[in-house]
Amino acid sequence: MLRFGRQPAIDTGCGGWLSRRLVLLLASILPLLAGCGERAWNAPYPASEAESNTLYSSFSERPKHLDPARSYAANEYAFIGQIYEPPLQYHFLKRPYQLVPLSAEEVPHPAFFDRQGNRLPDDAPVERIAFSEYEIRIRPGMNYQPHPALAKTADGSYRYHELDPTRIESVNRLADFPHTGFREVTAEDYVYQVKRLADPSIHSPIASIMSEYIVGFPEFVSTLGGARKSLPGESGWLDLRSYPLEGVELLDRYRFRIRLHGKYPQFVYWLAMTFFAPMPWEADRFYSQPGMAERNINLNWYPIGSGPFMLSENNPNLRMVLTRNPNFHGEPYPSQGEPGDREAGMLEDAGKPLPLIDKAVYSLEKEVIPRWNKFLQGYYDTSGVSSDSFDQAVEFGSGGEATLTDEMRQKDIRLATAVETSIFYLGFNMADPVIGGDSAENRYLRQAISIAVDFEEYISIFSNGRGVVAQGPLPPGIFGSRDGIDGINRVVFDVVDGEPRRKSLQEARELMARAGYPGGKSETTGKALVLNYESASAGPDSKHLLNWMRKQFRKLGIQLVIRATDYNRFQEKLRKGTGQLFMFGWNADYPDPENFLFLLYGPNGKVEHAGENAVNYDNPEFNRLFEQMKNMDNTPQRQEIIDRMVEILRHDAPWIWGFYPKGFSLYHGWYGNVKPNLMANNTLKYKRIDPRTRLERQQAWNPPVVWPLYLLFLLLVVTVVPAIHHYRKRERSSAR
Amino acid sequence: MIAYILRRILYAIPILIGVNVLTFVLFFVVNSPDDMARMHLGMKRVTPEAIQGWKAERGYDKPLLLNDSREGLEALTDTIFFQKSVKLFQFDFGISDSDRDIGYDISQRMWPSLAIAVPVLLVGLLVNITYALLIAFFRATYIDIWSVVLCVVMMSISGLFYIIGGQYLVSKLLHLVPISGYDTGVSAIKFLVLPVIIGVIGGIGSGTRWYRTLFLEEINRDYVRTARAKGLSEAVVLFRHVLKNAMIPILTGVVVVLPLLFMGSLITESFFGIPGLGSYTIDAINRQDFAIVRAMVFLGSVLYILGLLLTDISYTLVDPRVRLS
């Protein structure tokens, strides 16, 4: 028998020494860490900002455009709405939505003229009005934020307008330009911005609609297109000031005038959007220098505005930071609201200078789980409610009203809800021979399906009850929308005890029989009716929804074929009119019925006119009434016409009037002045934060728990010690 | 060896062209230039003129692969494919379809990716090799059996579970580190602790089992028996002989992934809010930004080829028997 001697390769005593030292080290460090500061360990923000007057929120997708001539998405408005100041804004508190001046002195009142240029009275018939003129007087004394484009040298020339290409090569951020300057906002900047809307190189989404109304706009687009082509070399600088636009006239330093074709009362709503915010020509001059775009320095990335905030950090892969614009002209918090606002504390800050916070930090959170948990930990001041966390946050009372769960109430979390000015609908392609057209049979078929597809159930299952069943195309709060019994769609609903009750399936089946499909089978062929549903989503997430949709049609014996595809192909089918049934939606640009009813206006048809009428509905009577209604002021006569239009639509049923989504948002008790305003994009300036309360609650909710670390270490020791013992035993043992 | 390296680089050129063609075809099978324009211009009030203008500005108004209206070589060069591809081979990634300098964005986003990937790789290697050696040392004992069971269980669990579970346990229940976020400099450490720990733990199951297999294979070889016969302790046998000889497959696995560390991890970066390269390609696909997609696929291919080349070179360093020719 061989006997191996003990080898001193591993000093097992070292293990014990190491373990003792580690225990001592861990035991001494952890309590130190626990007491090393008052802040919670899991706070994601610097300790120096713990008590700052800063709002913390998140965003899930990087905004694509921050150029006010191009930006047209809600996630972009969340930022540029706080930076740019168009002439008008929506009153923060009053409902229905009311336009009030922002950078303008007053809400402009149009002057009307006939073809000969004679002034017409305000109540002149629409057909006599050839032109409308809006004279806008802006507030003197407004200044732009500090910006390198406005920096000047001692001799008064612009410091960064003639940069050497080698200088630009060394620059990667706007902050790499050490000097900034500012100047007063003038009327010329508004004129300049309207001209930018026409610049083909900017691709403004409202260029086409402005071409219809602003006098000389189409010609100006062509002029700029030609001028751009003749630009020498790499220079992208086109001085729009030297190109006159007929319909936009600079009157003096603080006044300009916009001349429109005909009467277009909705134009004032566009004046409340950032498309019409002032833009200094210096910004275009600065950003258009060769090499700037290649260094990612452009208006899409670095805005320049006169609003209450400026974008001081733009890293949309991590965070975006808005800080108070030191040059902001000042604006008081509204002193009037609607009934109930005072009781709700919405007028506590009346008259105080805005903005009420110094800074807003928006962090990128792509995933719902970390975003929700950080909100619950107090690190975000506000949050939406995802489907995953809905049951944890919200419960419905016996009356169907949404209330917060006990867990939320204990944290002093509040809930704000509002029916959005949007609609989701199920569209019938009216160009389709089976379900479209104006034949009585096809209309009965659409009406029958409208009854069968139960959107009350849809809202309950797929939206956690966050929606209101639509009775027509106009959401609540939009002029023309009717409440109560008067607003009920009698084609789909009966009125029972003053409430709408969906008609019975028996009535739907009778309509099917009248349509030529008794029991869902064709009278002529005897075969089951097969309809195609176009879906832009085919993943496992949408499986339940698509099954539900099949079930709705099966109630009438209709066989629904799901044609799932990607969004590009889905859009292509709509453009070509090859789809049959599809879900679609619309979010209002402005609170006017025209912005919804135009979705069913014949000359807006998607197939023939590349418009927004995705179902290609074309009813001459409806079209005539639309043309009459769109230019009217909100009068009883307008309401009457709208009522007739809505009745035509309900009867023809080109849409199943799906639902108006209901927005739910949660916010902490330290976050003040929260009132949903679905039209205004610039409400950050009204928000109030109590940073001391926030810090106290963050600390109370996030005490570090270290005992599991000790336990883990103990487990490690308990595991390692027998192993070491075993090793020593084995090393000492004899070979067998 | 230089001739070998040069030959491998030359081999890489047709591979990269092939990858580029494949990427191009796959992308444009799903997205047309019109779709791309619509995605970038927005969904509301987009006119055909605006779409045409957008395409013309970015060179997407040309034919995809073959220009019938041109003659000779121009039929191939005056196409979207040629115009968009040729600069890639000069490593000029150009401007994205959303007007961003791709090279600059990559240079900015690769550091956060590396900040997670490098510690995960190094710490993971250390932990996995140590654990595997430990198991190999205690082979055929209860430690070995239960460690293998543990490893199988750990590698059967989805990576997403580790992330969500780790965030829940460490950040939500114990409140030790932030759930997500990132910062620059030293402040980044507190945001990196959890993703690195989760990355390491998530890799223990598969890593340890792989290394255990390698070590056990070596342990049964003749030279190990000789070493024991010489009277060396088991620890010396393991660390001085077995580990050294098991280095070739370890190197194969490690060196090949080194260049790809730049590319980041999509899921980890998404859940932890790390502004790395992991989500860069996916975001670009979702935004139909072909410029970024082709640049990232090209870069990934180059890095993969580089990784394989480095692996071959590293063989010669650890095994004198291997010669590149």
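## Ground rules

Residues are numbered from 1 along each chain as its sequence is written, while chains are lettered from A and ligands numbered from 1 in the order in which they are written. As the model is predicted, local features need pLDDT of at least 70, side-chain atom pairs count only at pLDDT 80 or more, and totals for chains, interfaces and linings use all residues; side-chain values use heavy atoms, with hydrogens and water left out.

## Where the two chains meet

Let's begin with the contact (heavy atoms within 4.5 Å). Chain A puts in 68 residues and chain B puts in 63 residues. Together the two chains bury about 5,400 Å², with 51% of it on carbon and sulfur atoms. Buried area here is the accessible area (1.4 Å probe) that two parts lose on being put together, summed over both.

Between chain A and chain B there are 21 residue pairs in polar contact, both residues being at pLDDT 80 or more. A polar contact is a pair of N or O atoms within 3.5 Å; within protein, one must be able to donate a hydrogen and the other to accept it, and residues adjacent in sequence count only if both atoms are side-chain atoms. On the chain A side, the elements giving two or more residues are helices H5 (207-213), H9 (368-376), H16 (567-576) and H22 (707-732), plus strand S22 (581-587). Helices (H or I, at least four residues) and strands (E, at least two) are DSSP runs, numbered from the N terminus. H22(A) gives the most, with eight residues. By type, the chain A side splits into 32 nonpolar, 19 polar and 17 charged residues.

## Salt bridges

A salt bridge is a side-chain nitrogen of Lys or Arg within 4 Å of a carboxyl oxygen of Asp or Glu. The whole structure has 62 of them over all chains, and the count between chain A and chain B is three.

Take Lys366(A) and Asp283(B), whose side chains meet in a salt bridge at 2.7 Å, N to O. Lys366(A) sits in the loop between S11 and H9 of chain A and Asp283(B) in helix H14 (residues 280-286) of chain B, so this pair joins two chains.

## A five-stranded sheet in chain A

Five strands of chain A make an open sheet, ordered S5-S4-S6-S8-S7, with antiparallel pairing. Two strands pair if DSSP finds at least two bridges between them. At the edges are S5 (119-120) and S7 (248-252) of chain A, each pairing on one side only. Helix H4 (residues 187-198) of chain A packs on the sheet, touching S7 and S8 (255-261), and its direction makes about 175° with that of S7(A). Axes are lines fitted to C-alpha atoms, for helices over the stretch in contact, and angles run from 0 to 180 degrees between N-to-C directions.

S4 (residues 111-113) and S6 (residues 131-137) of chain A are joined by three bridges, and Phe113(A) stands opposite Phe131(A) in S6(A). S7(A) and S8(A) share four bridges, with Val248(A) partnered by Ile258(A). A hairpin links S7(A) to S8(A) through two residues.

## Backbone details

Two cis peptide bonds are worth a look. The one from Arg95(A) to Pro96(A) has omega near -5°, and the one from Leu354(A) to Pro355(A) has omega near 0°. Pro96(A) lies in the loop between S2 (88-90) and S3 (99-101) of chain A.

How values were computed
Nonpolar A, V, L, I, M, F, W, Y, C, P; charged D, E, K, R; others polar.
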